[in-house]
Amino acid sequence: MKTLRPFIFIIASITIYSSCSLSKQEKGKLLAEKYCGSCHLAVSPTMLDRVTWTQHVLPAMAPKLGIGVWHENEYFPKPTKEAANISIEDWKNIVAYYQELAPDSLAPAKASLPLAEDLQLFDVLRPDTAGHTQTATTTMVSINPFTGDVYSSSEYGATLYKWDGQKKVSPAIKLQSTAVDMNWRAADTALLTCIGNMRAVDAPTGVLWEVHPGEAESRQVKTIGMGLPRPVQSIAADFNKDGRMDYLVCGFGHNYGGLYVLQQTPEEEYTKQPVWEVPGAIHTVVDDFDKDGWPDIMALFAYGDEGIWLFRNDHKGGFKQQQLLRFPPVQGSTGFQVVDMNKDGLPDILYTSGDNGDYSMELKPFHGVYLYLNKGDFRFEQAWFYPVNGCTKAIAADFDQDGDLDIASIAFFADLKHRPAEKFVLFSQEKPIQFIPHVMPALTGAGRWICMDVGDYDRDGDADIVLGNYSKGFIIQDDFKPDWDVNIPFIMLRNKTK
């Protein structure tokens, strides 16, 4: 051991000398990778503009590292038990790193392929809004796959509405808070997820109901879960194979949240079992992904450590966690779909990013629609990307009935000033994994789409689209006022293929 001591001393001296010789910028990069990268992917300064970094994102991140904030670039040590505390000198090096290398501004998402204004695949149908003329704050639209009836919910009024084939509205069920997800299990039975609070707060007031809209009022609602942390989606499955239905809930939360299974007991009650108790669970798909006969979970987390994880059923009431895709925390993940896009028998991932309602409210060139192809053994590689500012959701279906899958996308945080048509884009697949974007100019003034569903509304065998209009608020572009219909709750795009 004595012979090693001079060697260790020399190595330590070199390390100290190298650290001292680093520039402030180099130190900041290494410190950001060490501290920020311990919780999520380290973020390049070029992903946001300088003002956003220094006035919004870094002040919001400082308390997580034991740093207090007075105002921009005025920091002081404030150690906490929960934080991975950093020295004030190291924190200022991180701030300097982002301040010096961040651009003055970001270019919005702009693709090489233009948006062709030639989409004629759909008729635009507007609902009869007589007696329903309040400002549209639609938070959910759903096509009943068994009947074709359309259901919607809005933030104002907290009501589930039913729209029949003539697009006439009738209040179906009065809610405790607005519904954000409706998962149909039968013609008269659906899971209804009510968020509790649309704003980013830690308020566990969400509920999960099983609803029967056509029943008498006393039999319309069965409560499955209460006190949920801002739930945004729910799926029914018997995860432990005991013959009783369980329910998977995405509790997006705020600082607290998680992915949970509400496990049914023999007494027909439910116990909340965490799958992964971190905030940001925004969308899940349940399937037997590893083909062992048990239901697994694929989940997108969209807050902090963003990415898609696979939770493989361990047959013992739990899950084994595996990361499939990982994104930086400013990515703004909004949703995904599991679909075999290239018809090779392996499930691929259609993914969208475009959330701009947090600390970095600016148009971003990396927002849009992504396709990751399955290369086997749960390995996914990006095969296609189309930039769409503020993209909110994408759904793949054979809209033009030519035998391959197309993609419909919506963008709530679109470039409303310069590219308003990107609020709704249909990507037709012309060749394998080659898509041409089409838009309908008539939709530009119809609304601002925050939610979308696809189904056979008119029961003629092709895929129709319903778009939900959240018409006011959350506008991140200065000096812009809504130039669309602020009252219409949704529009129906009726497919004319058949």
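User: At what angle do helix α2 and helix α4 pack?

Analyst: This is a predicted model, in which local features need pLDDT of at least 70, side-chain atom pairs count only at pLDDT 80 or more, and totals for chains, interfaces and linings use all residues. Residues are numbered from 1 along each chain as its sequence is written, and side-chain values use heavy atoms, with hydrogens and water left out. Axes are lines fitted to C-alpha atoms, for helices over the stretch in contact, and angles run from 0 to 180 degrees between N-to-C directions. Here α2 (residues 24–35) and α4 (residues 88–101) pack at about 110°, their axes 7 Å apart. The two helices are therefore roughly perpendicular, a term covering 65 to 115 degrees.

User: Which residues of α2 and α4 meet?

Analyst: Contact means heavy atoms within 4.5 Å. Among those meeting are L31, A32 and Y35 in α2, and I94, Y97 and L101 in α4.

User: Is K423 buried or exposed?

Analyst: Buried means under 20% relative accessible area, exposed over 50%, and partly exposed in between (1.4 Å probe, protein chains only). K423 is buried and lies in the loop between β25 (406–411) and β26 (424–431).

User: What is the relative accessible area of G461?

Analyst: G461 has 43%, so this residue is partly exposed.

How values were computed:
Helices (H or I, at least four residues) and strands (E, at least two) are DSSP runs, numbered from the N terminus. Lys and Arg count as positive and Asp and Glu as negative; His and the chain ends are not counted. A salt bridge is a side-chain nitrogen of Lys or Arg within 4 Å of a carboxyl oxygen of Asp or Glu. Angles under 35 degrees count as roughly parallel, over 145 as roughly antiparallel, 65 to 115 as roughly perpendicular and the rest as oblique.
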